[in-house]
Amino acid sequence: MKGKGIIITIVSIIALMLAVLFGVQGCQNSAISREEVINQSLEQISTEQALLFDTLEELGQSVKHGSEQEVAFQTTIAQMRSSATTQSTDNNIQMAIQAVHEAYPTFQSTDLYKDLNNAIKRYNENVAYARKAYSKATKEYRSYCRKFPNRNILSMLGYEVIEYESLYDGSSVKLETKTGKPNMFE
């Protein structure tokens with residue numbers, strides 16, 4: 001019976017040590033997981049901003065091209081009207097204007113401006129959402145790393161808590177990754 005008691009005690013001690021080891025390592029793993037959420041939020045902000053700038057450039061070119069076409073057609077109509085006044089009959093004038101009117105494409109410059117405004121609004125909303133996700137993730141990370149016993153365990157393991165800065169404090173924000181390389185908001 002004594003042998004069974006010793007074995008049970010040894011197994012219990014080993015199980016307790018493993019539980020403590022996994023609990024301690026789980027604390028660090030959780031902090032690392034929270035870092036990844038923050039990094040994903042930063043990537044989402046970068047992606048949304050890049051999409052915004054690409055869309056602005058594309059829509060700006062489309063609006064510019066549409067406006068140039070519209071000016072060209074308006075110029076053609078004005079030229080036809082001025083040359084039509086020298087023609088002898090009103091019928092020819094009406095036919096020429098009617099032909100240009102029928103050939104006049106439906107310009108979408110106004111629609112392109114609306115699309116541009118809608119795209120800007122949509123991407124700004126996406127950037128704002130990504131910034132809120134980043135802010136929430138950084139608050140959760142800070143809170144997690146400051147709580148007892150997490151702060152003690154992380155310190156004991158040599159884990160360096162990253163000080164992520166707020167995007168909404170009104171100052172110019174310099175976000176740094178774990179390697180210390182500056183990120184996109186300088």
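**View 1. Arg-142 sits in helix α3, which covers residues 109–146.** Helices here are DSSP runs of H or I with at least four residues, strands are runs of E with at least two, and both are numbered from the N terminus. This is a predicted model, so to speak of local features we ask for pLDDT of at least 70, while side-chain atom pairs count only at pLDDT 80 or more and totals for chains, interfaces and linings use all residues. Residues are numbered from 1 along each chain as its sequence is written, and side-chain values use heavy atoms, with hydrogens and water left out. Arg-142 is buried yet makes no salt bridge. Buried means under 20% relative accessible area, exposed means over 50%, and partly exposed is in between (1.4 Å probe, protein chains only). A salt bridge needs a side-chain nitrogen of Lys or Arg within 4 Å of a carboxyl oxygen of Asp or Glu. The nearest side chain of opposite charge to Arg-142 belongs to Glu-163, 4.7 Å away; Lys and Arg count as positive, Asp and Glu as negative, and His and the chain ends are not counted. Skip the neighbours within four places in sequence, and Arg-142 is in contact with Tyr-164, Glu-165 and Ser-166 (contact: heavy atoms within 4.5 Å).

**View 2. Tyr-141 and Tyr-164 form an edge-to-face aromatic pair.** The structure holds 1 aromatic pair, and here the ring centres are 5.6 Å apart with 75° between the planes. Rings of Phe, Tyr and Trp (its six-membered ring) pair if their centres lie within 6.5 Å; planes under 30 degrees apart are stacked, over 60 edge-to-face, and the rest tilted. Tyr-141 belongs to helix α3 and Tyr-164 to the segment after α4 (150–156), so the pair ties together parts that are 23 residues apart in sequence. Both Tyr-141 and Tyr-164 are buried.

**View 3. Arg-122 lies over the face of Tyr-123.** The distance to the ring centre is 5.0 Å. To sit over a ring, NZ of Lys or CZ of Arg has to be within 6 Å of the ring centre and within 35 degrees of the ring normal.

**View 4. Cys-27 and Cys-145 are not joined by a disulfide.** The disulfide count is 0, with a pair of cysteine sulfur atoms within 2.5 Å as the cut-off. The sulfur of Cys-145 is 7.7 Å from the closest cysteine sulfur, in Cys-27, which is too far for a bond. Cys-27 is buried at 4% relative accessible area, and Cys-145 is buried too, at 5%.

**View 5. Phe-148 and Pro-149 are joined by a cis peptide bond.** Omega is about 0° for this bond. As a general point, most peptide bonds are trans. Pro-149 lies in the loop between α3 and α4 and is partly exposed, with a relative accessible area of 34%. Its C-alpha is 9.1 Å from that of Cys-27, although Pro-149 and Cys-27 are 122 residues apart along the chain.

**View 6. Val-37 belongs to helix α1, residues 2–84.** Val-37 is partly exposed, at 41% relative accessible area. Between Val-37 and Thr-138 there are 8.7 Å in space, C-alpha to C-alpha, and they are 101 residues apart in sequence.

**View 7. The protein chain has 4 helices and 0 strands.** Read along the sequence, the pattern is α-α-α-α. Of the 186 residues in the protein chain, 26% are buried. Take the contacts between residues at least 6 apart in sequence, and 71% of them join residues at least 24 apart.
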